[in-house]
Amino acid sequence: MQHETQLALSFLLSQVLLLACADLECIPGFKQKAFYIEEPFQFTEDQPVLKLKFDDCKGNNKLTFEVSNPDFKVEHDGTLVALKNISEAGRTLFVHAQSEHAEDLAEILIVEEKENHGALKEILKREDNLGFLRQKRAILSSPVLVPENQRGPFPRYIGKVVSRSVGEGVRFRLSGKGADEDPKGIFKINENTGDISVTQVLDREAAASYELEVEITDVNGKIIDGPVRLEVLVIDQNDNKPLFKDGPYVGHVMEGSPTGTTVMRITAVDGDDANTDNALIRYDILKQTPDKPSPNMFFIDPEKGDIVTVVSSALLDRETMETPQYELVIEAKDLGGHDVGLSGTATATIVIDDKNDHAPEFTKKEFLATVKEGITGVIVNLTIRDQDDPATGAWRAVYTIINGNAGQSFEIHTNPQNNEGMLSVVKPLDYEISAFHRLMIKVENEDPLVPDIVYGPSSTATVQITVEDVNEGPIFHPNPMRVTKLENIPIGSKVLTVNATDPDTLQHQTIRYSIYKDPAGWLEISPTNGTIITTAPLDRESVYVQNDTYTALFLAIDNGHPPATGTGTLYITLGDVNDNVPSLYPTLAKVCDDGKDLRIVVLGATDKDLPPNTDPFTFELSKQTGPEKMWRLATLNDTHAQIILLQNLQKANYNIPISVTDSGNPPLTNNTELKLQVCACRKSKMDCSATDALHISMTLIFLSLFSLLCL
């Protein structure tokens, strides 16, 4: 400890000698660069603490001081002043002085009063200043303060490291980021003297400090002392202007809001040291557009950036403004808003939002409309006025029919483009029932009105509707018309007398009838009385009949100007009669001449009629001639029978006469022939090309002769 004290005394005595020689050779900068302050119970507000002496050796022109702690300031004469009550030991302050020709840094340490500095304190006491060297290690290194953005030339001396290890071959070595680690070469140390220099311009916003280490080595690189921490602090310069980064800035305030209503907050950021005035931002409104009804509609809190209204609620009336949107040019300036501070600007848009303080009003008390009877659609557009914002529910209209729509023949909807009420007929009107209608309409907004506004008489209107008479077509009663008739009724039979009336009861018109569609041509209608008769037999089995129903259309035409036509539909349901003989299938069969299976063919019968005029069918085989019977017929069920051979036949073509009778009343019989081919069959192949001459049964000849005699 005694050795360290002696070393410190030697160093400080050298500083005293330098000061004594100042008159012989002026050295620019602080005359004392390190101080300690014995802290009393506290520093009181605006209390002078100590006095700093700076000399650039050229008159100190435009000398300025900056303090690293905002709780202190330096007067123009170098007096350090505490700005508020402070009671903190162990704090370090840095004072930066700059004139036109020189700049320098001083370090100040606040210590507790009870600390005993002994002889060191006495030796360094000069006037009212107390020099202080903080390090008590073998390597003495105070924090080095370097202003950012310093001008060259480089390298530039910034500080010195002192060691008790002196002698031949002793070397200083600097390491760490900024020295021998990336970014390399920013700081260098004179290995012989311990002088530290910076080689380039520093940027505090890139790196606010550098943590380095100093070691003492011998000529062989062996560490003698250290490492000792050396901190390089970059002193902030006001080289960043405030920036607005969160735009665009858009705020909304409801019209009629009271004075002092907060609209929005707009803030800027400054890249400089937040603990200095370089980043102390103040806000101001530079311009307001438009400037009516007042050039000062808004105020911005200079510290927080809150924009508030400053005009009365009466002036904040959206409907009386030149525009409901204001553009404010906001300035943010650092150095607490000082004139020499850097500034940035942004535009804040403030929209005056609408509230529903105006009820919609009809442009007229009464609207007129004319509509032809029998049509639907929009008949009149109802116009209104509303001073509220068209983009809001305070402007959009809702219409209601409150009287006169007993039959629900009318509806009203809002046109979203122009806010008009579109009154429509949705059920055709009848002139003969009512030629006039009177509706009462009210209009409201989608949003409710503010409490002090009500819907008045102007928010209701009447609509007078006149119905025009048109010549309407006659109407069939009933329509469609339905009758049931048996098919094959005699020609000229009456089917129906249609009835059509003219709805134009006030015009006393006559009606004539005609056929519009009669697909089969079976009908005729009297043009005067509407009686329909048959002109041909009705046939239920016709292709024009679907599901036993025949459809025809008729016209009823009045004698109006122009004539009007009505259409009636007639459905005739046809009852079945036994008017179709049954038909037999198949009519051709082939067998082998040596066939062992004598059941040669199964016959079926169909009938176009309906039950009971169809099956069960009766199948019969005409009598066979000759000494031996060749085949017989066996009934299988109501609709099928089977032909069975009684013996093998020679190759030939045979016609087998068969009759089939339905169950109608009276029954109908169909006499037909089954053509039977007896073919040669070899190896599962049938050859019918070599059949003998046709063998015709005597029964068939007899039946044919019988038919001729009956003609």
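Visitor: What makes C592 and C681 a disulfide?

Guide: Their sulfur atoms lie 1.9 Å apart. A disulfide is a pair of cysteine sulfur atoms within 2.5 Å, so C592 and C681 qualify. This is a predicted model, where local features need pLDDT of at least 70 and side-chain atom pairs count only at pLDDT 80 or more, while totals for chains, interfaces and linings use all residues. Residues are numbered from 1 along each chain as its sequence is written, and side-chain values use heavy atoms, with hydrogens and water left out.

Visitor: How do you know that the pair links distant parts of the chain?

Guide: C592 and C681 are 89 residues apart. C592 sits in strand β47 (residues 588–592), C681 in strand β53 (residues 669–682). Strands are DSSP runs of E, at least two residues; helices are H or I, at least four; both are numbered from the N terminus.

Visitor: Is C681 called buried or exposed, and why?

Guide: Its relative accessible area is 10%. Buried means under 20%, exposed over 50%, partly exposed in between (1.4 Å probe, protein chains only). Therefore C681 is buried. C592, at 27%, is partly exposed.

Visitor: Why is the disulfide of C679 and C688 called right-handed?

Guide: The torsion about its S-S bond is about 100 degrees, so it is right-handed. The sulfur atoms are 1.8 Å apart. C679 is buried, at 0%. The link of C592 and C681 has -85 degrees and is left-handed. A search of the whole structure finds two disulfides.

Visitor: What makes β30 and β33 edge strands?

Guide: The open sheet runs β30-β34-β33, with antiparallel pairing. β30 (377–382) and β33 (410–414) each have a single partner strand, so one side of each lacks a neighbour in the sheet.

Visitor: How do you know that β30 pairs with β34?

Guide: Five bridges join β30 to β34 (residues 421–425). Two strands pair if DSSP finds at least two bridges between them, so β30 and β34 pair. V378 stands opposite S424 in β34.

Visitor: What makes a set of residues a nonpolar core?

Guide: The members are buried Ala, Val, Leu, Ile, Met, Phe, Trp, Tyr and Cys residues, joined through side-chain atoms within 4.5 Å. The largest such core here has 25 residues. F244, I266, F298, I307, I330 and I350 touch the most other members. Elements giving two or more residues to this core include β23 (282–289) and β27 (343–353). A second, separate core of 24 residues includes I139, V144, V161 and V228.
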